[in-house]
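User: I would like to go through this structure with you, starting with contacts and then moving on to rings, helices and strands. Could you set out the terms as we go?

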Amino acid sequence: MSNDQSTETETVDFWFDPLCPWAWMTSRWMLEVEKVRDVRTVFHVMSLSVLNEDQDVPEEYREMIKRGWGPVRLAIAIEQQHGQEALRSYYTAIGTKKHPEGRDFSRELYEEVLAEVGLPIELADAADDESLDDAVRTSHDGGIDRVGKEVGTPVISVGGVAFFGPVFSPAPKGEDAGRVFDGARLLAGYDGFYELKRSRDRDPIFD
């Protein structure tokens, strides 16, 4: 009989809003981690539009988060109708166009993304479908309820412990990504861990 013990793939839950460049880079880090650690990332929708709807924010930001409803509604519709793998593909496609390519959310962009990932073009209607908002809020609350209301995007849960971040610019790659994840797991494993932060002095670096 072999003494080898099979290891179970670790699940990390990750909440994102396609609007957020920092969530985008955290997601790219987790995809790198999957290459070098036995980890699987489960993507979930959260929404800066929900998070800030009752907040006193500048008008420019309010307009931005108003436009942010479209991509999260579409994300929820994709997850509901086509599952987790389709949601991952959608986020990679729309995030690439929004962040590295600097494009704005629009019906044209949604249709382009859907075509790229092999989903029905008519799903773009979901971006304007307010009946999806309750499902957006439920998914959003699934992350916020774990981490608390004093945070934004991204949120990850490692070993059942959720926290904001980590925030990178640029995102680590290869074994660097794995070592950073090892550190995040170690912190999450300590019951008294709550916060680790420093001031950010650079813009998002997409590479």
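Analyst: Contact here means heavy atoms within 4.5 Å. Please note that this is a predicted model.

User: Then what does Ser 49 touch, leaving out residues up to four places away in sequence?

Analyst: Ser 49 touches Asp 17, Ile 65, Gly 68 and Trp 69. Ser 49 is located in helix H2, residues 48-51.

User: Is Ser 49 buried or exposed?

Analyst: Ser 49 is buried; its relative accessible area is 2%.

User: Rings next. How many aromatic pairs does a search of the whole structure find?

Analyst: The search finds ten aromatic pairs. One of them is formed by Phe 16 and Tyr 91, which are stacked with 4.0 Å centre to centre and 25 degrees between the planes.

User: Which parts does that pair tie together?

Analyst: Phe 16 belongs to strand E1 (residues 10-16) and Tyr 91 to helix H5 (residues 84-98), so the pair ties together parts that are 75 residues apart in sequence. Both Phe 16 and Tyr 91 are buried.

User: Which residues do ring pairs link into a cluster?

Analyst: The cluster consists of Phe 14, Phe 16, Trp 24, Phe 43 and Tyr 91.

User: And what lies over the face of Trp 24?

Analyst: Arg 28 does, at 3.9 Å from the ring centre. In another place, Lys 98 lies over the face of Phe 105, at 4.9 Å from the ring centre.

User: Let us turn to H5. How many residues has H5, and what is its reach?

Analyst: H5 has 15 residues and reaches 21 Å from its first C-alpha to its last, close to the 21 Å expected at 1.5 Å a residue.

User: Which residues of H5 are buried, and what covers them?

Analyst: The buried residues of H5 are Ala 86, Leu 87, Arg 88, Tyr 90, Tyr 91, Ala 93, Ile 94, Gly 95, Lys 97 and Lys 98. Their cover includes E1, helix H1 (21-36), strand E2 (39-45), helix H4 (69-82) and helix H6 (107-116).

User: Take Tyr 90. What does Tyr 90 touch beyond residues up to four places away in sequence?

Analyst: Its contacts there are listed as Pro 71, Leu 74, Ala 75, Ile 78, Gly 95, Val 113 and Val 117. Tyr 90 is buried, with a relative accessible area of 0%.

User: Now the strands. How many bridges join E1 to E3?

Analyst: Four bridges join E1 to E3, and the two run antiparallel. Phe 14 stands opposite Ile 156 in E3. E3 also pairs with strand E4 (residues 161-164) in the antiparallel sense, over four bridges. Within that pairing, Val 155 has Phe 164 of E4 as its bridge partner.

User: What lies between E3 and E4?

Analyst: E3 and E4 form a hairpin with two residues between them, and Gly 159 in the turn has a positive phi of about 60 degrees.

User: Which residues of strand E3 are buried on its two faces?

Analyst: Both faces of E3 (residues 155-158) are covered: Val 155 and Ser 157 are buried on one side, Ile 156 and Val 158 on the other.

User: Last topic: where are the cis peptide bonds next to Pro 154 and Pro 170?

Analyst: The bond from Thr 153 to Pro 154 is cis, with omega near 0 degrees, and Pro 154 lies in the loop between helix H7 (133-147) and E3. The bond joining Ser 169 and Pro 170 is cis as well, with omega about 0 degrees; Pro 170 is found in the loop between E4 and helix H8 (174-188).

How values were computed:
Residues numbered from 1 in each chain as written. Predicted model: local features only at pLDDT ≥ 70, side-chain atom pairs only at ≥ 80, totals over all residues. Heavy atoms only, no water. Phe/Tyr/Trp six-rings, centres within 6.5 Å; stacked < 30°, edge-to-face > 60°. Buried < 20%, exposed > 50% of the residue type's maximum accessible area, 1.4 Å probe, protein only. Lys NZ or Arg CZ within 6 Å of the ring centre and 35° of its normal. Expected span 1.5 Å × (residues − 1). Pairing = 2+ DSSP bridges.
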